[in-house]
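Here is a short tour for anyone who likes to check a model before working with it. Keep the viewer open and follow along chain by chain.

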Amino acid sequence: MINLSAVLLAFDWGFLLQKLILIIIIVSVSLVVAMYETYLERKVAAWMQDRIGPNRAGPFGILQPIADGGKLFFKEEIIPNTSNKTLFVLGPGLAMLAALMTCAVIPWSSHLQFGDTTVQLQIADVNIGILYIFGVVSLGVYGIMIGGWASNNKFSLMAALRGASQAISYELAMGISLIALLFITGSLSMRTIVEEQMKNGIWNVVYQPLGFLIFLVCAFAECNRTPFDLPEAESELNMGYHQEYSSMKLGFYLFAEYINMFISSAVMATLFFGGYDVPFLDESTLAPNVAAIIGLIAFMIKIGFFIFLFMWVRWTIPRFRYDQLMNLGWKKLLPLALVNMLVTAAVMLWLHK
Amino acid sequence: MSITEILFWFLSVLTLVSAIMVLISKNPVHSVLWLIATFFAISGHYILLNAQFLAIVNLIVYAGAIMVLFLFVIMLMNLDVAIEPKRSMWMKFAGVISGGLLLAVLLSVVRTSVDLTNKTAQLNTGDIGLIKNLGHTLFTQYAVPFEVSSILFLSAMVGAVVIGKKN
Amino acid sequence: MQSLTNRNKPVDRAPMNFWERLYLPEIFKGMIITLRHLFKRKATIQYPEQKREFSRVWRGLHVLNRDEEGRERCTACGLCALACPAEAITMEAAERELGEENLYREEKYAAKYEINMLRCIFCGLCEEACPKDAVYLSETVAPADYARKKFIYTKEDLLIPNPVTEPEAYAKAKGLEPNENRLTGKR
């Protein structure tokens, strides 16, 4: 233990500090975005139904999410007597953790330059970025399942089972549609995928329209959004898996859903729409800091579009029935994704011959 | 002691503690959750060995899919303590003895094996666990076992479909 | 039956063609419709600031009327209570004493007159039944409250202010002129 101090001194504390600050910024940005997604959801819903939406808290109702959050905070925290208390508390925490962990591998923009130090605007550029996202997303299922089971309520349990089986089923088609994309990119690192698209000037969605469509549908299902919000089907299951939850624990579940939406929008923008690439603009001619900021703005606009798409679909399409959901997942999307993968592989082989 | 070693000991303790908790927790759902924790710790070990692909696949397949199915089954069963069947003392005794024997055999094999003595795992070095090298090895050197195992999976899938069709 | 809107469509039970079974084009069509609604004029009325005009035949909260000298018109005949399908009205009659001629128009008056607004269905049959033009349904919505007790309106709650002693309150209670616009308050 004597050389522990030597170990600690040898460690690159500046790097750690830089990453820590980046993590704090990204997590808080995700939280703020999730907050304003709730506002946007209500506004979009209202507009599509010829209403105005929340407009009393602050100008244009801009403070509405803060009021909502404050309300959730000050509600009574109820833990049912018959529930499994540890797991009941663990459930929303896991859901939130899984939702926030996914943002680690997303490249938010290129790098910033402060004198000699280069700050990559990405928490971790691991060479298995996409797989990491898959791994963490599959953990998100536990938040739902544990919460639903620990509530000791048959509706919650049913909803939890629905949510979990839905997530597992659609993960397959999602993964296979991604494999076709990976044939083209040849890398699993998110940053490499973006840089490849920037270099070519053609976004992956051009090569993989079907793959993107499958990925989009599966992303809707993974986020439990309408038309696949079966775990929260009020008309069948009352409230769904968070039936017994109140106060901020309920808030965590709702927040996790919105963060998932944000992250999956970011993933779609990264994989299929060039990430922080601005079309018809050569970033290498700009100063790195300017390029990074322009890229960040472009990326956020793309994410914003996908978030709007999520909401647009939600307020247009009614919910599927459960057998329809499973049929779509297993009998339509999975074979389609497989065909897409085989065709892509054949074309790639033919081109590289 | 480097950071890697500290992490190694931390993860090892975590693995063992959660593995023991799998066995001794009364509630089967808790057991499954501890098992998931074990998988996480093992994935951490994989990362220390620079086998990121294995680590994440371990998480996706085991923690993400198989354990969910385990949880499914356990949550749907009625697992009250009251209706738990009483097992006789002899059953427990036999279980302990057979488990102990298996452990002894494994230990002796590990101790006497030529390949493993005086070798420590490559920590943080070596790139065999990276996806490119792994894929290359899998499809060249170990192509036949790989294909055989995929046929095994295929037959399992067909079997599941047949069983499903019957009802 | 004759169609009212010309928008009804007969149910089409023909099997879906390939294009429809693709599902996505139809979803896209629906999304275009919702997108168009995004830019439509909004139907919302900002309530406390703006108010929607009541219909000419709106039946709101009851008012017990007085004549132009400020005397109560009601004679407690009980016809309104009889007509009421919800049995919301109860009353007790009393005889007018000497010296009360400026208070009550006829020899008999309602000492107690109560309408239970939780029972009332605002059908207006009491108004129709009244031979003395004493009870009217105004253009006011019954306000919400926390206690059930508050919804039993007594005679004091229902009576219109006296036009002789409190002319302003009377004018206010009578409400706006018939042709006035309720959104702007102007004629």
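## Chain A: overall form

Chain A has 13 helices and two strands; both kinds of element are DSSP runs numbered from the N terminus, with helices being H or I over at least four residues and strands being E over at least two. Before going further, please note that this is a predicted model, in which local features need pLDDT of at least 70, side-chain atom pairs count only at pLDDT 80 or more, and totals for chains, interfaces and linings use all residues. Residues are numbered from 1 along each chain as its sequence is written, while chains are lettered from A and ligands numbered from 1 in the order in which they are written.

Does the radius of gyration of chain A agree or disagree with that of a compact globule? It agrees: a compact globule with 353 residues would have a value near 20 Å, and chain A has 22 Å. That radius is taken over C-alpha atoms, and the globule rule is 2.2 Å times the number of residues to the power 0.38. Along the principal axes, the C-alpha atoms of chain A fill a box of roughly 60 × 55 × 55 Å.

Of the 353 residues of chain A, 47% are buried. Here a residue is buried if 20 or more other C-beta atoms lie within 10 Å of its own, exposed if 12 or fewer do, and partly exposed in between, with C-beta atoms placed from the backbone. Among contacts in chain A between residues at least 6 apart in sequence, 79% join residues at least 24 apart; a contact means that the C-beta atoms, placed from the backbone, lie within 7 Å.

## Helix 13 of chain A

Helix 13 of chain A covers residues 322-352, which makes 31 residues. From its first C-alpha to its last it reaches 43 Å, close to the 45 Å expected at 1.5 Å a residue; the expected span is 1.5 Å times one less than the number of residues. Where does this helix have its kink? The kink, of about 35 degrees, lies at A:Leu333, shortly before the proline A:Pro335. The bend at a residue is the angle between axes fitted to the seven residues ending there and the seven starting there.

A:Leu333 is also one of the buried residues of helix 13, as are A:Leu325, A:Leu328, A:Gly329, A:Ala337, A:Asn340, A:Met341 and A:Thr344. Their cover includes helix 6 (154-185) and helix 9 (209-222) of chain A.

## How the chains meet

Two pairs of chains touch, and the pair with the most contacts is A and B. That contact takes 21 residues from chain A and 18 residues from chain B. On the chain A side, helix 1 (4-10), helix 5 (129-150) and helix 6 each supply at least two residues, and the largest share, nine residues, comes from helix 5. By class, this side has 17 nonpolar, four polar and no charged residues. Ala, Val, Leu, Ile, Met, Phe, Trp, Tyr, Cys and Pro count as nonpolar, Asp, Glu, Lys and Arg as charged, and the others, Gly among them, as polar.

The contact between chains C and A takes ten residues from each chain. The chain C side divides into four nonpolar, four polar and two charged residues. Chain B and chain C do not touch, and their nearest C-alpha atoms are 26 Å apart.

## Chain B: annotated spans

For "transmembrane region", an unreviewed UniProt entry lists residues 6-24, 31-49, 55-77, 89-110 and 142-163 of chain B. Such annotations may be inferred rather than shown by experiment; the positions are given in the numbering used here, and feature names are shortened. Residues 6-24 of chain B are 100% helix and 0% strand, with end C-alpha atoms 27 Å apart. Residues 31-49 of chain B are 95% helix and 0% strand, and their end C-alpha atoms also lie 27 Å apart.

## Chain C and its cysteines

Chain C has six helices and five strands, running α-α-β-α-β-β-α-β-β-α-α from the N terminus. Its radius of gyration is 26 Å, whereas a compact globule of 187 residues would have one near 16 Å. The C-alpha trace of chain C spans about 90 × 35 × 35 Å along its principal axes, and buried residues make up 14% of the chain.

For "binding site", the unreviewed UniProt entry lists C:Cys84, C:Cys120, C:Cys123 and C:Cys126. They span 43 residues in sequence, yet no two of their C-alpha atoms are more than 10.4 Å apart, so they gather at one spot. C:Cys120 is found in the loop between strand 3 (108-116) and helix 4 (125-129) of chain C, and C:Cys123 is in the loop between strand 3 and helix 4 as well. C:Cys120 is buried, with 22 other C-beta atoms within 10 Å, whereas C:Cys123 is partly exposed, with 15 C-beta neighbours inside 10 Å. Not counting residues up to four places away in sequence, C:Cys120 touches C:Ala86, C:Ala88 and C:Ile115.
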